[in-house]
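Please keep the sequence and the structure in view while reading.

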Amino acid sequence: MITSGGIGSPVSADPGTAFKLLLSCPSGLPRSRVYVDFNKSYDRIPHSDADLEESINEIWTRRTEKSLSLYNGKKFRYAGHALHQIGNGEKKSSVCLKLGLTDYRTFVGTNLSPFWEKFLVTSKDEAIRSQHTASPLGNGAIVETADKRVLVLQRSHNVGEFPGYFVFPGGHSEPEEIGISSHQTNKNSTEYASLTEKISQEMFEGIVREVVEEIGIPIKSLGDPIFIGISRRELNVRPTAFFFIKCNLNADEVRHLYSTAQDGYESTQLYAVPREELQKMTERMPGCHRGGYALFELMTNASHGGQA
């Protein structure tokens with residue numbers, strides 16, 4: 001059964017590991033049952049506080065002065081989801097992701113800002129609560145090897161967020177990969193349907209691309225991704241879509257590929273662990289990835305049951 005919200009993280013001394021599940025699909029959804037509604041109405045709403053809005057530019061300017069390699073790429077903005085039933089049974093349920101457009105500069109200046117909580121609105125509605133934040137939709141992959149090991153990376157100390165923490169491979173789907181740099185106007189129904197189809201496809205292709213780039217696994221060794229839900233890190237209210245992917249290589253083969261492929265900037269070590277060891281590592285995961293493990297656990301528990 002697909003569910004919205006409901007599960008949060010256990011108590012932890014590290015506030016960065018806290019999470020909330022925004023969407024859970026325990027049986028997993030294939031590409032054919034994940035849709036996209038891409039609309040300008042899902043873009044970020046500027047805050048009425050002019051000084052707070054100006055802080056976005058100020059923070060970005062300071063960051064770029066320290067790191068000339070920062071690039072203000074476009075991102076898809078998460079603004080919620082809708083559940084749909086096709087026919088009369090649960091077996092044909094599907095998810096529609098509501099996506100707008102944002103960029104990395106606004107992400108740094110809102111979600112990652114020291115003032116991020118000031119951008120939030122008091123509301124039980126997640127979309128309203130985060131209407132002033134960039135909230136780019138990240139992605140993460142639970143990759144399981146042929147010998148039933150799950151792949152986990154340890155972040156290097158060169159990265160700005162959560163250095164040294166354990167994470168699943170992932171990043172963001174990229175609008176520019178499919179030629180989107182702004183919202184198109186005057187789209188007819190055929191053009192819009194084609195565009196949203198391309199975005200939905202990028203959700204699935206993007207996470208495979210991240211696994212290939214970060215770990216070095218050839219694409220032919222990876223199965224089709226299965227969408228298992230969306231978690232949100234409570235710190236900075238950062239949302240991440242998670243997928244489950246099977247790999248036909250064993251753990252030793254994957255370790256060898258990683259040792260020859262990784263550049264050591266974003267991650268410094270790859271772990272291939274059985275499920276029982278994975279739970280211990282979640283205590284040192286950012287909240288969105290800890291939520292990814294919770295989604296994986298729900299999928300595992302439901303694997304003997306019915307379809308989503």
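V254 counts as buried, because its relative accessibility is 0%, where buried means under 20% relative accessible area, exposed over 50% and partly exposed in between, with a 1.4 Å probe and protein chains only. The model is a predicted one, in which local features need pLDDT of at least 70 and side-chain atom pairs count only at pLDDT 80 or more, while totals for chains, interfaces and linings use all residues. Residues are numbered from 1 along each chain as its sequence is written, and side-chain values use heavy atoms, with hydrogens and water left out.

**Surroundings of V254**
- V254 is found in helix α5, residues 251-261, helices being DSSP runs of H or I with at least four residues and strands runs of E with at least two, numbered from the N terminus.
- Leaving aside neighbours within four places in sequence, V254 is in contact with T145, L151, I215, I217, C247, L249 and L270, contact meaning heavy atoms within 4.5 Å.

**Other buried positions**
- E202, placed in helix α4 (residues 189-215), is buried because its relative accessible area is 2%.
- Not counting residues up to four places away in sequence, E202 touches F76, S173, E174, E177, I178 and R209.
- S24 sits in strand β2 and is buried as well, with a relative accessible area of 5%.
- The residues that S24 touches, leaving out those up to four places away in sequence, are M1, I2, T3, I228, G229, L295 and L298.
- Beyond four places in sequence, V237 touches N111, W116, L120, R129, S130, T133, S135 and R232.
- V237 and I215 are 22 residues apart in sequence and 27 Å apart in space, C-alpha to C-alpha.

**The second largest pocket**
- The second largest pocket has a volume of about 420 Å³; a pocket here is an open set of points on a 1 Å grid over the protein atoms alone, where a 1.4 Å probe fits, with protein on both sides within 12 Å along at least five of seven lines, and lining residues have an atom within 4 Å of a point.
- For that volume, grid points are joined across faces, edges and corners, and the space counted is the space filled by probe spheres set on the points.
- The lining of this pocket consists of 25 residues, of which A79, G80, D125, E126 and A127 lie nearest its centre.
- Elements that give two or more residues to this lining are β2 (19-29), β4 (74-85) and α3 (126-129), and the largest share, five residues, comes from β4.
- By class, the lining has nine nonpolar, eight polar and eight charged residues, with Ala, Val, Leu, Ile, Met, Phe, Trp, Tyr, Cys and Pro taken as nonpolar, Asp, Glu, Lys and Arg as charged, and the others, Gly among them, as polar.

**The chain as a whole**
- The chain has seven helices and 12 strands.
- Of its 308 residues, 52% count as buried.
- Along its principal axes, the C-alpha trace of the chain spans about 55 × 50 × 40 Å.
- Among contacts between residues at least 6 apart in sequence, 74% join residues at least 24 apart.
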